[in-house]
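Subject: Structure handover

Hello,

Here is the structure you are taking over. Please keep it open while you read the notes below.

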Amino acid sequence: MKKQTIAINTPFVRPDVYGSLAVPIYNNVAFEFQDAQEMADAFCNRIKAPDYARVENPTVTQFEQRVKALTGAQHVTAFNSGMAAISNALLSVTEHQKNIVSSHHLFGNTLALISSTLPRFGVEPRLRDLTNIEEVEKAIDNNTCCVFLEVLTNPQLEVANLQAITEIAHRKGVPVIADSTLIPFTETNLKALGVDVEVVASTKYISGGGTSLGGLIIDYGTFPEINQRVKYELLFNLGAYMSPQAAYMQTLGLETLDVRYHRQAASALQLAKDLKEIVAIKRVNYVGLSDNPYHALAQQQFGKTAGAMLTIDLESKERCFHFLNRLKLIHRATNLFDNRSLAIHPASTIFGNFTQQQLEQMDVRDTTIRLSIGLEAPEDLILDIQQALQQDDL
């Protein structure tokens, strides 16, 4: 079956007693057992049954099952945010005196986790240019616990060669963990490129309309100890499991992901082409443009679509703020891939607590605006951008 069909028709783990077509919300904490032996078997994972909602809930399980069916993963675990998924994935592989090979080109909080939080526990960050394969190979040693990267970086929109990186890492016995938030897993086959674990902020494309926070660890089973630690250590000890309400909303979002994503990606491409013709815009960055340096590699790895995020550069930070203040249709807000289009100045917000030197290392410029393209008519969006670029009231 096609993925759109799978997203809607994945069977329940246990049939609903009332035959509900939509996944029910099990808004409860405890589950009753028939006898003491069944209770013991459930708690020790000898049978598939929920024991306590902090580590398993039927609504969340159904959401995980749909993602598993869509990706072909061996294991899927849902968390209460994208950052929770990232932190749990990294904690499943690292320990004192280990190192993580990654990049300066990461979402701000992910970079802070790797470069500031984990080092307090004796984990070394090795931040390299992941588009330079020689640098990657030199950085990996016997103490490397994983290579971590974003398949399409936020907000730089850099694309690294996944197959080349995974081949090097696997030769040295090191797993590759990839954040695939900016390109939906329904559009890619990262397993075929050698990625061992995907982490996803399901808050973004999947939730649809910015309804709920969530994150996913999608484990392809090539390093079995990862899932063992996630499921039977971290999930129990850190308590970051997804709520049933979020799972319900994100299951509904998953059912419409295919049609929403393709509309958003098509609008983003049209806008990127139109914005290149506007003199006041100094740079348009979108990997769907044929002249983008990552265009060919992105198509090879992700297919024909290039996501629904793009960036534009204006003359100065002052011009960026003026532009944001004049927007009437596009919303001044963080988040990505809401049904509504969103705009933000990353350097002063998401990356606002980093030093100027760090911003330069991350290639986050004062002149950049990040645009997340929603479901509005692209013709209306371009009109809003054009009027916001006017300088008559400066």
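Two strands pair if DSSP finds at least two bridges between them. Strands (E, at least two residues) and helices (H or I, at least four) are DSSP runs, numbered from the N terminus.

This is a predicted model: local features need pLDDT of at least 70, side-chain atom pairs count only at pLDDT 80 or more, and totals for chains, interfaces and linings use all residues. Residues are numbered from 1 along each chain as its sequence is written, and side-chain values use heavy atoms, with hydrogens and water left out.

Strand β12

Strand β9 (residues 309-313) runs antiparallel to β12, and five bridges join them. In this pairing, Met309 stands opposite Ser372 of β12. Strand β11 (residues 342-344) is also antiparallel to β12, with three bridges. Here Ile344 stands opposite Arg370.

Buried means under 20% relative accessible area, exposed over 50%, and partly exposed in between (1.4 Å probe, protein chains only). Five of the five residues of β12 (residues 368-372) are buried, so the strand is largely enclosed by the rest of the structure. Thr368, Arg370 and Ser372 point one way from β12, while Ile369 and Leu371 point the other way.

Leu327

Leu327 sits in the loop between α11 (317-326) and β10 (331-332). Is Leu327 buried or exposed? Leu327 is buried, because its relative accessible area is 6%. Not counting residues up to four places away in sequence, Leu327 touches Arg332, Ala343, Asp384, Gln387 and Ala388; contact means heavy atoms within 4.5 Å. Leu327 and Leu275 are 52 residues apart in sequence, and their C-alpha atoms are 15 Å apart in space.

Regards
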